[in-house]
Amino acid sequence: GVFLGLKMNRNMDAIRKIVLTVRDAGEAVKFIDGMDEDTFNFNAMLLEEAGLAKCMVKMPGNSNTIPILVIVWRLTWDGFEFADSITDETIWNKAKDNLLKPASSWTFGILTEYLKAELKQRFSI
């Protein structure tokens, strides 16, 4: 990336977009139109670290911040399950409003359980 010294944070909207794009692409994904390269590379690397995707991550030789290239080959089993839980825009927005606030404390596990509960509630008879 261009900003090698830049500290980046996890961006859940970017992560959602990457996961859904990879699920639907049917091929490796190296970028997403409208998403800057550093945001894509950093958040795609986090997907690899979280075990949601299989990726090739190339780091710059002099830094350990933002990868210079990430190719997302495919989602893992957990990645597909996460994709299923974030597909619905209404449920995603509800999760963002209730959980993903800057001051809130949440983990990926809590987010996943919340999304599953919302889906279950939506589709229960």
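The buried residues of helix 3 are covered by elements that include helix 1, strand 2, helix 4 and helix 5. Helices (H or I, at least four residues) and strands (E, at least two) are DSSP runs, numbered from the N terminus. The model is predicted: local features need pLDDT of at least 70 and side-chain atom pairs count only at pLDDT 80 or more, while totals for chains, interfaces and linings use all residues. Residues are numbered from 1 along each chain as its sequence is written, and side-chain values use heavy atoms, with hydrogens and water left out.

Buried means under 20% relative accessible area, exposed over 50%, and partly exposed in between (1.4 Å probe, protein chains only).

| State in helix 3 | Residues |
|---|---|
| Buried (under 20%) | Gly79, Phe82, Ala83, Ser85, Ile86 |
| Exposed (over 50%) | Trp77, Asp84 |

The buried residues in the table, Gly79, Phe82, Ala83, Ser85 and Ile86, lie on the same side of helix 3 because they cover an arc of only 165° around the axis. The arc is that of the directions from the helix axis to the C-beta atoms. Trp77 and Asp84 are on the other side.

Phe82 also belongs to the largest nonpolar core, which has 31 residues; Phe82 is among the members that touch the most others, as is Ile18. Such a core is a set of buried Ala, Val, Leu, Ile, Met, Phe, Trp, Tyr and Cys residues joined through side-chain atoms within 4.5 Å. Apart from neighbours within four places in sequence, Ile18 is in contact (heavy atoms within 4.5 Å) with residues including Phe40 and Val72.

Glu118, in helix 5, counts as buried because its relative accessibility is 13%.
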